[in-house]
Amino acid sequence: MKKVLSLIFVAFFFVSFAKAQTAEVTISLNEPFFDAFLESMFTNLKQPDFKLSNEEDGDCVEKVRLEREMNGVKTAVKFRNGKIVAPIAFTGSYKAPLLGCLDFKGWAEADVELQFDQEKQTLFGRAKVQNVQLNNVPSFAGSVVARLLQSSIDKKINPVEILRTDKLSFLVPVSVANGNLKLNAKTMRHEIVNNALNVTIGYEIVKAN
């Protein structure tokens with residue numbers, strides 16, 4: 001009986017795909033997912049940092065280091081009114097004219113825009129800093145640091161690779177039919193609904209060689 005049911009299922013499976021050799025799958029990435037990802041990154045990997053300028057001074061290296069949390073603000077990915085917002089906590093140093101090397105800490109808020117690059121078959125994110133709050137820095141130097149921070153993110157972090165279609169393609173063994181099917185990811189589209197990023201992946205379904 002089980003064998004008969006299996007054969008019926010497989011027959012239905014192949015008849016369905018014979019009519020439509022494409023399919024879509026939607027994955028949902030919510031705030032808890034991104035929070036767990038960032039927590040693991042800060043716990044298990046090197047703390048991310050990048051230089052604010054290409055100039056080097058033995059007494060002062062101008063750089064920013066991302067922190068998990070600063071002044072009650074945690075580095076995270078949030079969804080607000082259909083948009084992606086990323087609070088970013090950080091510490092760093094900056095060589096200010098007349099004042100010398102200044103250590104600073106604070107947080108910034110960035111808007112993240114998503115775009116699927118058809119040629120590269122990759123979903124990218126691009127962060128744009130909108131607001132910077134600094135501690136331990138005089139007000140006149142704070143605006144300079146804020147501009148350097150935004151410029152550095154644009155040059156050294158953007159665009160951020162999120163998903164690639166070649167990483168989402170996979171093989172499905174169908175032992176009862178004595179063969180395999182290959183699901184090749186071809187397209188992506190995204191939307192933000194119910195405080196989550198939904199990514200719909202379009203698959204081409206073919207017989208595996």
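**Disulfide, backbone and pockets of the predicted chain**

At 4% relative accessibility, Cys60 counts as buried, because buried residues are those under 20% relative accessible area. In this predicted model, Cys60 is joined to Cys101 by a disulfide with an S to S distance of 2.2 Å, and a search of the whole structure finds one disulfide. The torsion about the S-S bond of Cys60 and Cys101 is about 70°, so the bridge is right-handed. Cys60 is placed in the loop between S2 and strand S3 (63-67), whereas Cys101 belongs to strand S8, so the pair ties together parts that are 41 residues apart in sequence. The accessibility of Cys101 is 38%, and this residue therefore counts as partly exposed, the range for that class lying between the 20% limit for buried and the 50% limit for exposed residues.

With regard to the chain as a whole, the secondary structure comprises three helices and 13 strands. The protein chain has 209 residues, of which 36% count as buried, and it exposes about 13,200 Å², with 53% of that area supplied by carbon and sulfur atoms. Among contacts between residues at least 6 apart in sequence, 56% join residues at least 24 apart. A pair separated by 28 residues in sequence is formed by Gln133 and Lys105, whose C-alpha atoms are 8.5 Å apart in space. Gln133 is found in strand S9 and is partly exposed, with a relative accessible area of 36%. When its neighbours within four places in sequence are left aside, Gln133 is in contact with Phe90, Lys105, Gly106 and Trp107.

The backbone geometry was then considered. Most residues other than glycine have a negative phi, and most peptide bonds are trans. Against this background, a cis peptide bond joins Asn158 and Pro159, with omega at about -10°. Pro159 is found in the loop between helix H3 (139-156) and strand S10 (160-164), and Pro159 is also one of the residues that line the second largest pocket. A positive phi occurs at Asn81, where the angle is about 50° although the residue is not a glycine. Asn81 lies in the loop that runs between strand S6 (78-80) and strand S7 (83-96), and at 80% relative accessibility it counts as exposed. Asn195 likewise has a positive phi, of about 55°, without being a glycine. The loop that holds Asn195 lies between strand S12 (179-193) and strand S13 (196-207), and at 48% relative accessibility Asn195 counts as partly exposed, because the exposed class requires a value over 50%.

Attention was finally given to the pockets. Rolling a probe the size of a water molecule over the atoms shows where empty space is left. The largest pocket holds about 870 Å³ of space, and its lining is made up of 30 residues, of which Phe34, Phe37, Leu38, Val77 and Val160 lie nearest the centre. At least two residues of this lining are supplied by each of helix H2 (31-44), strand S2 (49-51), S7, strand S8 (100-117), strand S9 (122-135), H3 and S10. H2 provides the largest share of the lining of the largest pocket, with five residues. By class, the lining of the largest pocket contains 25 nonpolar, two polar and three charged residues.

The second largest pocket has a volume of about 160 Å³. The residues that line the second largest pocket are Glu113, Leu114, Gln115, Phe116, Asp117, Lys120, Phe124, Gly125, Arg126 and Pro159. S8 and S9 each contribute at least two residues to this lining, and the largest share, five residues, comes from S8. Classified by residue type, the lining of the second largest pocket has four nonpolar, two polar and four charged residues, whereas the lining of the largest pocket has 25 nonpolar and three charged residues.

Terms used. Residues are numbered from 1 along each chain as its sequence is written. This is a predicted model: local features need pLDDT of at least 70, side-chain atom pairs count only at pLDDT 80 or more; totals for chains, interfaces and linings use all residues. Side-chain values use heavy atoms; hydrogens and water are left out. Helices (H or I, at least four residues) and strands (E, at least two) are DSSP runs, numbered from the N terminus. Buried means under 20% relative accessible area, exposed over 50%, partly exposed in between (1.4 Å probe, protein chains only). Contact means heavy atoms within 4.5 Å. Accessible areas come from the Shrake-Rupley method with a 1.4 Å probe; for residues, only the protein chains shown count as cover. On a 1 Å grid over the protein atoms alone, a cavity is a set of points where a 1.4 Å probe fits but cannot get out, and a pocket is an open set with protein on both sides within 12 Å along at least five of seven lines; lining residues have an atom within 4 Å of a point. Grid points are joined across faces, edges and corners, and a volume is the space filled by probe spheres set on the points. Ala, Val, Leu, Ile, Met, Phe, Trp, Tyr, Cys and Pro count as nonpolar, Asp, Glu, Lys and Arg as charged, and the others, Gly among them, as polar. A disulfide is a pair of cysteine sulfur atoms within 2.5 Å.
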